[in-house]
Amino acid sequence: MKSYDVAIIGSGPGGYVAAIRCAQLGMKTAIIEKYSTLGGTCLNVGCIPSKALLSSSHHYEEATKHFEDHGIEIPGEIKINLEKMIARKQAVVDQTTGGIDFLMKKNKIDVYEGLGSFKDATHITIEGKDADEIEAKNTIIATGSKPSNLPFINLDKERVITSTEALKLKEVPKHLMIIGGGVIGLELGQVYRRLGAEVTVIEYMDRILPTMDAGLSKELNKVFKKAKCSMMVSHKVQSVERKGDEVIIKAENKKGEVVEFKGDYCLVSVGRRPYTDGLNAEAAGVKINDRGQVEVNDHLQTSASNIYAIGDVVRGAMLAHKAEEEGVFVAETLAGQKPHIDYNLIPGVVYTWPEVAAVGKTEEELKASGTEYKVGQFPFRALGRARASGDIDGFVKILADTSTDEVLGVHMIGARCADLIAEAVTAMEFRASAEDISRYSHAHPTFAEAIKEAALAATDDRALHA
Ligand code: FAD
Ligand code: NAD
């Protein structure tokens, strides 16, 4: 029987990054993945394919709606070839997952294809292509998550679908109805709206993106409404019924009235649930809590002392970069180091256009904790760079402690915010004050100048260009 210092179950961004870091630190490492491609949700049916379709549909929108403003005329009709768009997305996925195969080889990590389940705390049985049993001194559970559903919905995966099917549709829906105005609903809703579908977003809470700063929700809601999407907030879905090619949703609005929506596709995007099916966690003494998460302590150690768990399967944000940080954290812990993760500084990004990005505390959280704070906000429309490219929607908002001026939260919506948020994370990691940010140079003309201006606004209400 092969024996390892560490075995990792699941090859998503949590698992494969943990494997690389373990190997870098000299541990004999194995990774077990039940699918034939590595990379987990993120690379196969999550981050990467959704961003490929967002990019393709963005190009289409630019060509059909904005090229003319720039003096670019395309004679004839601009058409979508959905089959080709989906094939390109798949090629991007294949190239990216192939890259992980290369990284596993490069780092001399043994890859087993098959379902991993615990026989006991130090032995794992693998069922599938590479059926085997291995011994592992330590194991990292990185089994990720699957889409959640509502108990009364029959996900037929044809017309009542999850994000996985929405990434490979064979036609552009006539009317895509989306249950859940969170990250997936908005990203994929925007893809199909751009491609010509009528889009209705049905959200239970009183705003889209309910966990983000309310100012961002409001601004993105405006953008979606401008694109003629129906934004049905404060609607509680009661039933979803399929009749032939039609899907009928009934939902109760704030006034208690039942409203009916009819369309040809319904995307259910109401969150994701931790995935531990087939893991046989009990056999290893690993406790699963009543939310279905693998229970871990501050060191990401489970109730079995040689078994750790990371990523979507444990508490916290379900984000690829959070899973990666945790993978590195456990590898370094196993190597006897003392790593640290500041969960407050894990940024959240929505890859719509304009992009939405945030780090640190929201205004709602600061109010709830009684923290005295000041706000500096700056609109992109006041920036030369934004006007030059025609991306003038959105703003940067900096929240700083009233007495110390320390930056407590940065919330932004606008062009390239997914990349701009890295500056805010860096500043906050080094506990910058708003004045610190306002005093270092930002290249002109850039979108990043909005961060400097918002910092100036927070310092003494002295933005230069507003
Ligand atoms: P996963 O990526 O889910 O990987 C778990 C792996 O474990 C899977 O491959 C699974 O097959 C395998 N597995 C499970 N059980 C077993 C077993 N018993 N034996 C063997 N293998 C097993 N996050 C972002 O940060 N940015 C984004 O832009 C983003 N976009 C997304 C878009 C969509 C449509 C979706 C669905 C998600 C998106 N996410 C995004 C979330 C991101 O994909 C997850 O947070 C991330 O993949 C979690 O990584 P993980 O390693 O914990 O688990
Ligand atoms: P989410 O938690 O972002 O959004 C779910 C939405 O559904 C929420 O707004 C919630 O209020 C709403 N909802 C819940 N029950 C409902 C009901 N009965 N009726 C109507 N609305 C209801 O979840 P998601 O969009 O499904 O995404 C799942 C996970 O994947 C998220 O945790 C997210 O972090 C991750 N993800 C991240 C990215 C990114 O980082 N860009 C992209 C996609 C997915």
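This is a predicted model: local features need pLDDT of at least 70, side-chain atom pairs count only at pLDDT 80 or more; totals for chains, interfaces and linings use all residues.
1. Local features need pLDDT of at least 70 and side-chain atom pairs count only at pLDDT 80 or more, while totals for chains, interfaces and linings use all residues. Residues are numbered from 1 along each chain as its sequence is written, chains are lettered from A and ligands numbered from 1 in the order in which they are written, and side-chain values use heavy atoms, with hydrogens and water left out.

2. Ligand 2 is surrounded by 21 residues (a heavy atom within 4 Å); the closest are Ile184, Glu187, Glu203, Gly271 and Val349. By class, 13 are nonpolar, five polar and three charged (Ala, Val, Leu, Ile, Met, Phe, Trp, Tyr, Cys and Pro are nonpolar; Asp, Glu, Lys and Arg charged; the others, Gly among them, polar). Helix α6 (residues 183-194) gives the largest share, three residues (helices are DSSP runs of H or I, at least four residues; strands are E, at least two; both are numbered from the N terminus).

3. Strand β6 (residues 132-141) pairs with β1 (residues 2-9) in the parallel sense over seven bridges (pairing needs at least two DSSP bridges). Valine 6 stands opposite asparagine 138 in β6.

4. β5 (residues 123-127) and β6 are antiparallel, with four bridges. Four residues separate them in a hairpin, where glycine 128 in the turn has a positive phi of about 135°.
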